[in-house]
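Here is a protein to walk through from the whole down to one residue. Take a look at the sequence and the fold before reading on.

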Amino acid sequence: PSGMPMPPELAARAFILQDLSSNQTLAARNADQRAEPASLTKLMTAYLVFQALESGKLQLTQALPVSERAWRAGMTSASRSFLVAKTSVTVDDLLKCLTVQSGNDAAVALAEGVAGNVEAFVDMMNRQVQAFGLKSTTFRNPEGVNEAGHVSTARDLSYIAARLITDFPKALPYYGIKEFTFNGVKQPNRNLLLWRDPTVDGLQTG
């Protein structure tokens, strides 16, 4: 209600609402405040995967190996797709695990598929950040695990999201999938707004 103070936990929350057709900011709060991006990190991970698909470096039907590192990334978090070490999964399925289930294990498997190893992929992430001209974002991993120096802002993440869906329109339908079953486990999309508002078309939650 008008005149009531905003709870501190909401007052401190950063957000930005933009019109992507005009690039106009409609509303913002603490948009340039650095914070841990958590699974919103996967927006950049997805960007580089779709970039690799467009260049022909990857194919949707291509099977990528699930390393021990990728498997462990899923075992240490609730954000997992139940990948099994020493198996192979298609890029298409890994993308669904990434975008629908927000799987940390899928993020690592895709990173290794694109760059050979996680460290090289993180270098790619930060080079892309620099190419975008974003000054407040540094990534330390592809899945969004909190660690020192892994930071971004609402404004920077909004820019990455906008570039993802404008540079690679084929990415958006993945984010609108309401549920995905992998390895016998059905999981709903982490974006619960897909059920509450028919105009919502997805993107990563975090």
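What follows starts with the overall build and ends at a single position.

The model is predicted. Its chain forms nine helices and six strands. How does the radius of gyration compare with that of a compact globule of 206 residues? A globule of that length would have a value near 17 Å, and the protein has 17 Å, so the two agree. Along its principal axes, the C-alpha trace spans about 60 × 35 × 35 Å.

Next comes the way the chain packs. Of the 206 residues, 45% count as buried. Consider contacts between residues at least 6 apart in sequence: 62% of these join residues at least 24 apart.

The accessible surface comes to about 10500 Å². Carbon and sulfur atoms account for 53% of that area. The protein carries 20 positive and 19 negative charges. Their mean positions lie 1 Å apart.

Finally, zoom in on Ile16. This residue sits in strand S1, which covers residues 15-19. Is Ile16 buried or exposed? Its relative accessibility is 16%, and buried means under 20%, so Ile16 counts as buried. Which residues does Ile16 touch, leaving aside neighbours within four places in sequence? The contacts are Thr25, Ala27, Ala28, Ala31, Ala154, Arg155 and Ser158. Take Ala28 from that list. Ala28 and Ile16 are 12 residues apart along the chain, yet their C-alpha atoms are separated by 4.2 Å.

Conventions
Residues are numbered from 1 along each chain as its sequence is written. This is a predicted model: local features need pLDDT of at least 70, side-chain atom pairs count only at pLDDT 80 or more; totals for chains, interfaces and linings use all residues. Side-chain values use heavy atoms; hydrogens and water are left out. Helices (H or I, at least four residues) and strands (E, at least two) are DSSP runs, numbered from the N terminus. The radius of gyration is taken over C-alpha atoms; the globule rule is 2.2 Å times the number of residues to the power 0.38. Buried means under 20% relative accessible area, exposed over 50%, partly exposed in between (1.4 Å probe, protein chains only). Contact means heavy atoms within 4.5 Å. Accessible areas come from the Shrake-Rupley method with a 1.4 Å probe; for residues, only the protein chains shown count as cover. Lys and Arg count as positive and Asp and Glu as negative; His and the chain ends are not counted. The place of a charge is taken as NZ of Lys, CZ of Arg, CG of Asp or CD of Glu.
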